[in-house]
Amino acid sequence: MAYLLPSNITFGIFLVLILFFTNQIITLGFGSTSNDPAGFLECLTVELQSSNSATSHLIYTPSNASYSTLIQIENQRPAATFPEKPLLIFTPFYDHEIRSAIYCSKKLGVQIRLRSGGHDYEGLSSASEVPFFVVDLRNLRTVTIAADEKTAWVQVGATLGQLYHTLAQKSRTLAFTAGVCPTVGVGGHFSGGGYSMMSRKHGLAADNIIDARVMNADGRILNRRSMGEDLFWAIRGGGGTSFGIVLAFKVNLVTVPETVTVFNVTRTSEQNATQLLHRWQYIADKIDDNLSTRMFLKSVRSPTTGKRAISASFTTLYLGGVQDLLPLMKEQFPELGLVEKDCTEMSWIESVLFLARLHNKPLDVLLDTTPPTRQYYKGKSDFVQEPIPVDGLQGIWRFMHQEDELSIELQFSPYGGKMNSFSESETPFPHRSGNIFMIEYGLYWYLPGKEEAEKHLNWMRRFHGYMATYASKSPRQAYVNYRDLDLGMTSLYSGNITSFEQASEWGMKYFKNNFDRLVRVKTTVDPTNFFRNEQSIPPYASSVYSS
């Protein structure tokens with residue numbers, strides 16, 4: 001009599017075989033790394049010439065004069081930390097040119113990295129542990145506005161400033177909800193979530209994406225219909241570079257009043273800033289959705305006492321006029337003592353300049369893609385769900401005073417409003433209802449050297465450890481657009497495959513329970529882990545096999 005294996009055992013044996021052979025492909029093929037810049041350059045040159053693409057303005061090697069300019073990003077720290085710089089920087093104009101780069105990457109085993117604006121907090125498009133090249137998407141920057149439909153197609157090489165500038169040419173009342181820094185690239189910002197001073201009213205940038213063009217590891221271009229809802233879900237908050245090359249996003253635009261109001265009121269700890277900030281925590285996420293007050297905190301030297309003090313700037317955008325704002329503030333936050341002369345009415349595009357600290361500049365400054373002054377930088381993030389008590393705030397001040405004057409800045413960004421209307425799983429970005437505000441920690445220094453860096457990094461880690469008492473728990477959440485490799489790293493070396501459990505150390509902090517679905521999407525669309533970096537989503541199949 002023949003005996004059949006139970007179906008679950010049969011499936012288990014089948015799964016083991018699939019995982020074995022998948023792992024062999026990863027180890028022997030795309031998972032390997034190569035350090036053959038000449039061979040890779042030759043491959044890419046031949047492929048481009050076969051399609052009649054001129055290479056002189058597309059490929060930049062370390063021997064090119066422009067290479068050092070193109071490799072520059074806002075943060076110098078990663079280049080001083082990781083051993084490998086790009087073998088070359090590739091700046092395509094067309095889809096078929098990107099397809100050639102994918103072909104040569106596969107053929108020669110040189111890892112591919114993507115860059116839209118170069119603002120990754122850990123500089124993963126400028127330095128790495130393994131040999132790689134960069135596909136710099138700066139030439140894919142077309143913004144096409146359909147004003148009657150209130151939509152736009154935005155290529156990922158465009159900056160936020162270019163998007164806002166294009167909108168301003170079309171309408172005074174059409175806008176988009178995204179970040180305040182005009183040199184940030186659309187690709188990374190949108191795909192990681194994209195917080196905005198209008199998020200309490202209109203949600204994140206990712207919440208307003210309605211279609212996309214994505215090139216997969218086979219060079220095929222997909223839209224929302226052909227990629228399927230799982231992949232479309234993943235690239236709206238899960239980071240686009242783990243799944244393919246996002247070429248463009250289609251977004252819903254938002255309508256804003258012809259007149260908005262801004263103010264920036266600064267108080268020091270000698271002027272009751274501690275009590276004001278304590279009170280702000282109780283209204284930040286509950287006040288009118290049209291109002292967003294972001295806190296900027298620095299340690300400064302008091303002009304009156306000469307001692308260190310905290311400077312707290314209440315930077316605010318109100319989607320309406322000053323006559324509506326004043327009674328609202330008097331009712332909800334009278335402690336600030338806001339008066340009419342503190343406020344300025346302007347158009348939304350003028351508020352973009354104001355919030356970017358460019359309010360005395362012409363509108364065309366938004367077209368400048370040069371990143372801010374280069375310096376060494378370390379960023380971290382937290383989410384706060386219960387108000388920090390006064391003694392906790394005073395502990396924060398003590399830590400801030402330990403660092404050099406003006407070198408540490410904290411941003412407290414309010415949540416609530418529209419942010420609460422999305423479930424945690426609606427997009428990969430899970431930080432929704434229950435969060436009062438998000439903290440961004442930004443630490444800057446200017447002196448080079450390993451000892452100097454370690455001094456500042458160790459301080460930042462001690463400070464972040466102190467804040468654990470006041471941050472979200474189980475997990476302690478973090479924002480993927482404020483990337484932090486202290487949370488954990490993916491192995492990029494051939495044969496060293498990151499397990500699901502290892503990747504969960506940082507994946508759960510960024511995405512909570514959405515991380516499992518992101519891994520499943522990755523396994524479906526990129527099972528060989530072709531698209532990867534030090535903190536990319538791993539495929540589940542290889543994770544299971546190696547665990």
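Reply: Happy to. Let's begin with how lining residues are sorted: Ala, Val, Leu, Ile, Met, Phe, Trp, Tyr, Cys and Pro count as nonpolar, Asp, Glu, Lys and Arg as charged, and the others, Gly among them, as polar. Keep in mind that this is a predicted model.

Me: How many cavities of 30 Å³ or more does a search of the whole structure find?

Reply: The search finds four. Let's look at the second largest cavity, which holds about 110 Å³ of space. It is lined by 13 residues, and those closest to its centre are Ala178, Gly179, Trp348, Val352 and Leu355.

Me: Which helix gives the most to that lining, and how do the lining residues divide by type?

Reply: Helix α13 (residues 348-355) gives the most, with four residues. By type, ten lining residues are nonpolar, three are polar and none is charged.

Me: Now for disulfides. What should I look for?

Reply: Look for a pair of cysteine sulfur atoms within 2.5 Å. By this rule there is one disulfide here: the sulfur atoms of Cys43 and Cys104 are 2.2 Å apart. The pair joins distant parts of the chain, with Cys43 in helix α2 (residues 37-50) and Cys104 in helix α5 (residues 95-108), 61 residues apart.

Me: Why is the disulfide of Cys43 and Cys104 called left-handed?

Reply: The torsion about its S-S bond is about -90°, so the disulfide is left-handed.

Me: Are these cysteines buried or exposed?

Reply: The cut-off to apply is that buried means under 20% relative accessible area. Cys43 has 9%, so it is buried. Cys104 is at 0% and therefore also counts as buried. As for other cysteines, Cys343 is buried because its relative accessible area is 12%, whereas Cys181, at 26%, counts as partly exposed.

Me: What span should the 14 residues of α5 have, and what follows the helix?

Reply: At 1.5 Å a residue, α5 should span 20 Å, and its end C-alpha atoms are 20 Å apart, which agrees. After the helix comes Gly109, which has a positive phi, near 70°.

Definitions and conventions:
Residues are numbered from 1 along each chain as its sequence is written. This is a predicted model: local features need pLDDT of at least 70, side-chain atom pairs count only at pLDDT 80 or more; totals for chains, interfaces and linings use all residues. Side-chain values use heavy atoms; hydrogens and water are left out. On a 1 Å grid over the protein atoms alone, a cavity is a set of points where a 1.4 Å probe fits but cannot get out, and a pocket is an open set with protein on both sides within 12 Å along at least five of seven lines; lining residues have an atom within 4 Å of a point. Grid points are joined across faces, edges and corners, and a volume is the space filled by probe spheres set on the points. Helices (H or I, at least four residues) and strands (E, at least two) are DSSP runs, numbered from the N terminus. Buried means under 20% relative accessible area, exposed over 50%, partly exposed in between (1.4 Å probe, protein chains only). The expected span of a helix is 1.5 Å times one less than its number of residues.
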